[in-house]
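User: I would like to go through a model with you. Could you take a look at the following?

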Amino acid sequence: MSIPFRMEVEDMQFYDPTQDWAPFSRKAEVRYDPLTGQSARILYYPIGDIPRADHAQMAAQTAEFCPFCPDKVERVTPRFPEAITPEGRFHRGESIIFPNMFPYDRHSAVGIFSGQHYVQLTEFTAPMLTDGFLNAQAYLTAVLAHDPESVWQSINWNYMPVAGGSIIHPHLQIVASPEATNYQRATYSAAQLYRESTDENFYDVLVAEEERRQERSVGVTGNGKVHWTVAFAPQGQIDIIGVLPGKSRLVDVEVDEWAALADGLLPVFSYFDSQNFTAFNLAAFGAPDVSNAYSVHVRVVPRTTLGLLGTSDNNYFKVLHNEALSLKNPEEAASELRAVFETKA
Ligand SMILES: [Zn+2]
């Protein structure tokens, strides 16, 4: 079974005031997500130079009062009840996980993974990220043992305020719930339907098809433990997917697979930085059960403001139509990112 990469190119005609009113046209692409069928748009809008945000001043101003810095974190962050962990918090390397004071769900935690207050995109290291993910997994495992209903699990990251981060100190947000999010529900049910109608795992077929086409495929890390591709129908300016074939639940991912995930994120961050994207959203998803229909995957989308006014990169299309817009062609982004992977991954 192949993957449907459906796209409609719409052409708008107008008279161009900058070309002495000559007839002109500009395209917009509507692309359909090959799993869920949800549409996204690629606009041919001159993106120009992304204004590079300098977080150094904000970092300096917030360091003294940061609750996640090593001199305060053990004093000012909450502790888990004994049923989750008798130690109160989860520790691994520099990583510490504690309850989110303002929870998103029944189980909601925050994980820091570096003692450094401000970590620039190019300063993250594979051991730092790997310990952060492993510690998040230890929390999710403890949650599942204590509350077997909370099977909808995710590990998430808002890096920097423009991406929704309210604290500069890098931190993961880990969520477990008996209720799926819209994304979890839509992808899991579509992947199950795909399995029922084709007898194949959608993510396995996607990875194979992207690697055969070489249009959006970027590379592999950990000797094929994680396969990286740019999404055909992106959820933001660039939408990078890392798939872990053969793994369905986050709690089953192994140490070397987390390390392979970290190894792929480093060139992604380096690429974002080279493009002046200094913020991002990340989420790692898994199935609610051991399922041959679904694969663990991570999605990373850079965030930015646009132009001189600091215009948001989210507008009515994403907020009210639930339709992502991208000003960057996915195949072009993949070609640029592939070059970074070839030198760094
Ligand atoms: Zn800090």
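User: How are helix 6 and helix 8 oriented to each other?
Analyst: In this predicted model, helix 6 and helix 8 are oblique to each other, since their axes cross at roughly 130 degrees. Angles under 35 degrees count as roughly parallel, over 145 as roughly antiparallel, 65 to 115 as roughly perpendicular and the rest as oblique.

User: Within what distance do the axes come?
Analyst: The axes of helix 6 (residues 255-274) and helix 8 (residues 330-344) come within 9 Å.

User: Which residues make the contact?
Analyst: Helix 6 contributes Leu266, Pro267, Ser270 and Tyr271, and helix 8 contributes Glu336, Leu337, Val340, Phe341 and Lys344. Contact requires C-beta atoms, placed from the backbone, to lie within 7 Å.

User: Before moving on, how are residues numbered, and what confidence applies?
Analyst: Numbering starts from 1 along each chain as its sequence is written. Local features need pLDDT of at least 70 and side-chain atom pairs count only at pLDDT 80 or more, while totals for chains, interfaces and linings use all residues.

User: Now the loops. What is the phi of Trp21?
Analyst: Trp21 is not a glycine, yet has a positive phi of about 65 degrees. Trp21 lies in the loop between strand 1 (7-16) and strand 2 (22-32).

User: Is Trp21 buried or exposed?
Analyst: Trp21 is exposed, with 10 other C-beta atoms within 10 Å; the cut-offs are 20 or more for buried, 12 or fewer for exposed, and partly exposed in between.

User: And where is Asn322 found?
Analyst: Asn322 sits in the loop between helix 7 (316-320) and strand 16 (324-326). Asn322 has a positive phi of about 55 degrees although it is not a glycine.

Notes. Axes are lines fitted to C-alpha atoms, for helices over the stretch in contact, and angles run from 0 to 180 degrees between N-to-C directions. Helices (H or I, at least four residues) and strands (E, at least two) are DSSP runs, numbered from the N terminus. Two residues are in contact if their C-beta atoms, placed from the backbone, lie within 7 Å.
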